[in-house]
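Visitor: I have a structure to look through with you, and I would like to go from one part to the next by asking questions. Could you guide me?

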Amino acid sequence: MTQKKRKIIVTGASSGIGLAVCDRLLTDGHEVIGLSRRGGQTGPRHPNFYPESINLADLDALPQHLDELRNKHNNISGIIFSAGSGAFGSLEEFSYSQIRELIELNFTSQAYITRAFLPDIKKQGFGNLIYIGSEAALSGGGRGAIYSASKFALRGFAQALRQECAKSGIRITLINPGMAKTPFFDDLEFSPGPDSDNYILADDVADAVLLALDSRKGTVLDEINLSPQKKVIQKNRPDKSGP
Ligand SMILES: NC(=O)c1ccc[n+]([C@@H]2O[C@H](COP(=O)([O-])OP(=O)(O)OC[C@H]3O[C@@H](n4cnc5c(N)ncnc54)[C@H](OP(=O)(O)O)[C@@H]3O)[C@@H](O)[C@H]2O)c1
């Protein structure tokens with residue numbers, strides 16, 4: 001358990017990994033500001049949970065929204081970046097706007113959020129920035145060119161920023177999950193296999209987040225990679241509304 005109660009932003013708080021992280025932080029007594037498009041419609045019901053509805057893919061509106069958030073919630077000392085989505089296919093199957101949207105959500109919005117809150121966190125002299133990357137941040141695979149590119153960008157960003165922020169007491173961690181059983185796959189053509197060793201759980205990733213947050217002052221967990229024991233991929237049913 002973290003010693004000191006903190007105010008932490010979690011993006012992607014309405015589902016999957018972000019939701020599991022929120023639950024853990026709230027159990028540990030922290031205050032959590034949860035960002036997602038669904039805001040308070042889903043997610044934890046807890047007096048220390050402050051949901052905010054925001055579309056992180058709308059980059060034109062994002063700086064203004066982030067300014068408003070900064071004014072509303074001060075003393076932020078950690079951000080967990082879990083919002084993101086997956087789109088897979090050969091490059092020619094992507095429209096130009098789909099390419100832009102995936103990169104903007106999975107990478108550029110995270111750089112914007114970091115840019116907005118970094119000065120305040122630096123002033124405090126300590127903080128954690130924890131990015132949820134992917135195994136696709138470590139090596140590219142077929143039908144994942146744009147998704148991989150977005151996660152490689154995030155990894156390079158985190159590595160560079162770690163050096164830049166070391167003297168300010170800010171610890172930067174990248175967590176790279178393999179296939180995790182979450183709604184991430186709901187609209188995809190594939191998902192992890194059915195057996196419990198074919199996937200990791202959102203809670204496993206939350207464990208890694210807490211490990212990075214709670215590590216001894218002066219120690220940085222720079223990257224954590226997690227994967228299922230057995231990599232098994234299954235095709236999803238083409239018509240998921242059917243029986
Ligand atoms: N599941 C996996 O196998 C896996 C593996 C490696 C990496 N990851 C990464 O882990 C992160 C979390 O994924 P997950 O598995 O937890 O998926 P998930 O259950 O689908 O959750 C995605 C979260 O992102 C939010 N989000 C999506 N688009 C958004 C937007 N435009 N604006 C604001 N919020 C948005 C969603 O909230 P709203 O829909 O309410 O906006 C939701 O809370 C992602 O970055 C993903 O790339 C997942």
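Visitor: Which residues of α1 are buried?

Guide: This is a predicted model, and in it α1 is mostly covered, with 9 of its 12 residues buried. The cover over these buried residues includes β1, β2 (31-36), β3 (49-53), β4, β5 and α5 (202-214). The buried residues of α1 are G16, I17, G18, L19, A20, V21, C22, L25 and L26.

Visitor: What does V21 contact, leaving aside its neighbours within four places in sequence?

Guide: V21 belongs to the largest nonpolar core, which has 53 residues, and is listed there with C22, V205 and V209 as having the most contacts inside that core. Once neighbours within four places in sequence are set aside, the residues in contact with V21 are V10, I80, S82, A206 and V209.

Visitor: How many residues does helix α1 give to the shell around the ligand?

Guide: The ligand has 28 residues around it, of which G12, G16, R37, R38 and G84 come nearest. By class, that shell is made up of 13 nonpolar, 13 polar and 2 charged residues. Helix α1 (residues 16-27) gives the most to it, and its share is 3 residues.

Visitor: Is I113 buried or exposed?

Guide: I113 has its place in helix α3 (residues 96-124), and its contacts, not counting residues up to four places away in sequence, are T11, L66, I79 and F81. A residue counts as buried if 20 or more other C-beta atoms lie within 10 Å of its own. Because I113 has 23 other C-beta atoms within 10 Å, it is buried.

Visitor: Which elements do the buried residues of α3 pack against?

Guide: The buried residues of this helix are L102, L105, N106, F107, S109, Q110, I113, T114, F117 and I121. They pack against β1 (7-11), α2 (62-72), β4 (76-81), β5 (127-132), α4 (145-165) and β6 (170-177).

Visitor: Which residue with a positive phi follows α3?

Guide: Just after α1, G29 takes a positive phi of about 90 degrees. After α3 there is also a residue with a positive phi, near 85 degrees, and that residue is G125.

Definitions and conventions
Residues are numbered from 1 along each chain as its sequence is written. This is a predicted model: local features need pLDDT of at least 70, side-chain atom pairs count only at pLDDT 80 or more; totals for chains, interfaces and linings use all residues. A residue is near a molecule or strand if its C-beta atom, placed from the backbone, lies within 6 Å of it. Helices (H or I, at least four residues) and strands (E, at least two) are DSSP runs, numbered from the N terminus. Ala, Val, Leu, Ile, Met, Phe, Trp, Tyr, Cys and Pro count as nonpolar, Asp, Glu, Lys and Arg as charged, and the others, Gly among them, as polar. Two residues are in contact if their C-beta atoms, placed from the backbone, lie within 7 Å. A nonpolar core is a set of buried Ala, Val, Leu, Ile, Met, Phe, Trp, Tyr and Cys residues joined through C-beta atoms within 7 Å.
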